[in-house]
Amino acid sequence: MRMSKMFGKTLRNDPAEAELASHRLMMRAGMIYQASAGVYSYMPLALRSLRKIEQIIREEMDAAGGQEVQMSALQPLEFWVESGRSAAMGSELFRLHDRRDRPLVLAPTHEELLTYMVKANVHSYRDLPLIVYQIQTKFRDEPRPRGGLIRVREFDMKDAYSFDVDQDGLDVSYDAMAQAYRNIFSRCGLDTIEVEADSGAIGGKDSTEFILVADAGEDTVVICQTGHYAANAEKAVFAKPQQDAEPLLPVEEAHTPGIKTIEELCEYLEAPASKTLKAVFYMTGGELVFVVIRGDLEVNEVKLSNVLGGAPDLRLATHEEVAAHGLTAGSASPIGVEGIRIVADDSIDMGSNFLAGANRPDYHFRNTNHHRDFEADIVDDIALAQPGDACAKCGMKLIMRRGIEVGHIFKLGTRYSDVLQAQYPDENGEPHLILMGCYGIGVGRLLGAAIEQNHDERGMVLPSTIAPYDVSLVALNMQNDSVAESAQALYDELRAAGIEVLFDDRNESAGVKFNDADLIGLPVRLVVSTRNIREGVVEAKARASDDAETVAARDVIDKVRAMLAS
RNA sequence: CGGGGUGUAGCGCAGCGGGAGCGCGCCUGCUUUGGGAGCAGGAGGUCGCCGGUUCAAUCCCGGCCACCCCGACCA
């Protein structure tokens, strides 16, 4: 490609709107054009990278036995009502009506439609297992798109879906997909970690996220220093500090004037936070939920939502809502509370004789104990892991990192086959529900994440496998006939050798060309100049390196190939 | 949806009750060519939209919209 003709110009100023490096650099390089919040068009440079990423994905999916399809993005709302996800996805689902006023959606993902397609085409256990995948545009009306391609409303995604006769088969498909994912990210030049994850609105049980560690990431992951355990903070478990059991003591009331927080209580009564019970109030679907957790821990709202069976619109209750139920925020405890669901973290059973609110202002109880003094309706792990907590597996300290979720794989089980009645007959003609898995990669997000992980102060430093071209061919002084001729000859020669070249044939100064080459960040830069021609050489430099070297003109192809391979 | 911020030329920004500007980019010509060149000339704007105040509004007031950031939410 001749840069003088390329659609997409570089900018000399950073666009003010872009904060993330990947967003800023893609804007500056003229790779993307924003139409609306979280809606981007891809210019040629970005599209070439995306096509390369797609091709890598396609090869690995095919190698794992996948068959590619393309499904309709426009779907009847009916599919989503039947699966129950119209309600579950709420306003995240783009909805529209056709001219006959029939309700439609722009598909945010394709489990429902593909399940119907499988019902129509899988008639026997002999047709299973089956892995089907698609690479296409999906739509989600995100509450807050951000970060360029990192979080968008219209996006390209690879989704694969597996269909198996039983759990063992699902496990095999899931493991095959996990390995394909490792291959894909590795081939794209990305360092990812695998973490246990919450499955959210997709549903299902086991799920693993592939996270690219980056400060700009939206997700927080919890990692054991040993490397044996890693999980999304939404899901992460940890070893809660144990306390020796004590003989149960009688409840006593303590005067605690003006004391409202755990911190104040601990100071006033000279007790550790782990000897207190904290009351936190949430609202979900109009119901107030009383949450109790040991004072040294915090509530994990995703875990809380899950133990409540998927609490819609879960949020902290306001002081007014708490007061309306006759409770006293700041000195509340579950003792004597009736008619309100009480959800407890299992930490309240780790220890005894806790300090807790007395349900009237300025008083607390000493020596409260679960079962003896109150009974929780649900007891489960609803605690949030914090940096420095102990790993549940080995006891080593957990650390926290920010990361970008580039892939997520789920064991859906019968979540969709049950509600949509996708069955197969076994050898005896007996019907069984098909076991499903689904496996997603955000293609555009992967490009953004790749740039997030591979850039310096001058621009992108793209992995060779996903760079839009292999080589920046920089001709210094195109006005000079010998430079123009020899650059053109090298351009032709490189292309004939199957090397993809972005030829900077513009009539720009050396500085502009070098800076643009650094910005776009192709793996190899070749320089043709009068100086080099005089010596019969071409200068070659890897984008990732500070050092350039000169090579004889006849050795350039071999040199470029070697640099691309390294 | 809550909080904060910004809307003036392609990009970055200044301005201010009465002439719409600067830097970069763009066009023409000449010179220049190893890290964002020089000189000369030039093009480009419903100052986000609607309404109000005023003799007069880009500027003041009100409403709306859009975009960005934090949070909520979310694959």
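**Close-up views of a predicted model**

**View 1. β14 is the top contributor to the lining of the second largest pocket, with six residues.** The model is predicted, so local features need pLDDT of at least 70 and side-chain atom pairs count only at pLDDT 80 or more, while totals for chains, interfaces and linings use all residues. Residues are numbered from 1 along each chain as its sequence is written, chains are lettered from A and ligands numbered from 1 in the order in which they are written, and side-chain values use heavy atoms, with hydrogens and water left out. The pocket's volume is about 510 Å³. Among its 23 lining residues, K260, K278, A279, V280 and G330 are the closest to the centre. Two or more lining residues come from each of α7 (262-269), β14 (277-284) and α9 (319-324). Sorted by class, the lining holds 13 nonpolar, seven polar and three charged residues.

A few terms for this view: on a 1 Å grid over the protein atoms alone, a pocket is an open set of points with protein on both sides within 12 Å along at least five of seven lines, a cavity is a set where a 1.4 Å probe fits but cannot get out, and lining residues have an atom within 4 Å of a point. Points are joined across faces, edges and corners, and a volume is the space filled by probe spheres set on them. Helices (H or I, at least four residues) and strands (E, at least two) are DSSP runs, numbered from the N terminus. Ala, Val, Leu, Ile, Met, Phe, Trp, Tyr, Cys and Pro are the nonpolar class, Asp, Glu, Lys and Arg the charged one, and the others, Gly among them, are polar.

**View 2. Helix α1 (residues 21-28) packs on helix α11 (residues 443-453) at an angle of about 100°, with their axes 8 Å apart.** That makes α1 roughly perpendicular to α11. Axes here are lines fitted to C-alpha atoms, for helices over the stretch in contact, with angles running from 0 to 180 degrees between N-to-C directions; angles under 35 degrees count as roughly parallel, over 145 as roughly antiparallel, 65 to 115 as roughly perpendicular and the rest as oblique. On the α1 side you'll find A21, S22, L25 and M26, which meet L447, G448, I451 and E452 of α11. Contact means heavy atoms within 4.5 Å. By class, the residues of this contact come to five nonpolar, two polar and one charged.

**View 3. Two cavities of 30 Å³ or more sit inside the structure.** The largest has a volume of about 50 Å³, and S472, A517, D518, L522, V524, R525, K541, A542 and R543 line it. α13 (510-520), β29 (524-528) and β30 (537-542) each give two or more residues to that lining, which splits into four nonpolar, one polar and four charged residues. The second largest cavity has about 40 Å³ of space. Its lining consists of M3, S472, V474, L502, D504, K513, D516, A517 and I520. Here β27 (471-475), β28 (501-504) and α13 each supply at least two residues, and α13 gives the most, with four. The class tally for the second largest cavity is five nonpolar, one polar and three charged.

**View 4. Helix α13 has a set of buried residues: V512, K513, D516, A517, D518, L519 and I520.** Buried means under 20% relative accessible area, exposed over 50%, and partly exposed in between (1.4 Å probe, protein chains only). These buried residues pack against α1, α2 (44-63), β26 (459-460), β27, β28 and β29. Just past the end of α13, G521 adopts a positive phi of about 70°.

**View 5. N532 is part of helix α14 (residues 530-535).** With a relative accessible area of 4%, N532 is buried. Skip its neighbours within four places in sequence, and N532 is in contact with V527, V537 and E539.

**View 6. L304 belongs to helix α8 (residues 301-307).** L304 counts as buried, at 0% relative accessibility. Not counting residues up to four places away in sequence, it touches Y282, V291, V299, L314, V343 and I382. L304 and L314 are ten residues apart along the sequence, and their C-alpha atoms are 8.9 Å apart in space.

**View 7. Zooming out, chain A comes to 15 helices and 31 strands.** Its C-alpha atoms fill a box of roughly 95 × 65 × 50 Å along the principal axes. Of the 566 residues of chain A, 52% count as buried. Among contacts in chain A with a separation of 6 or more, 70% come from residues 24 or more positions apart.
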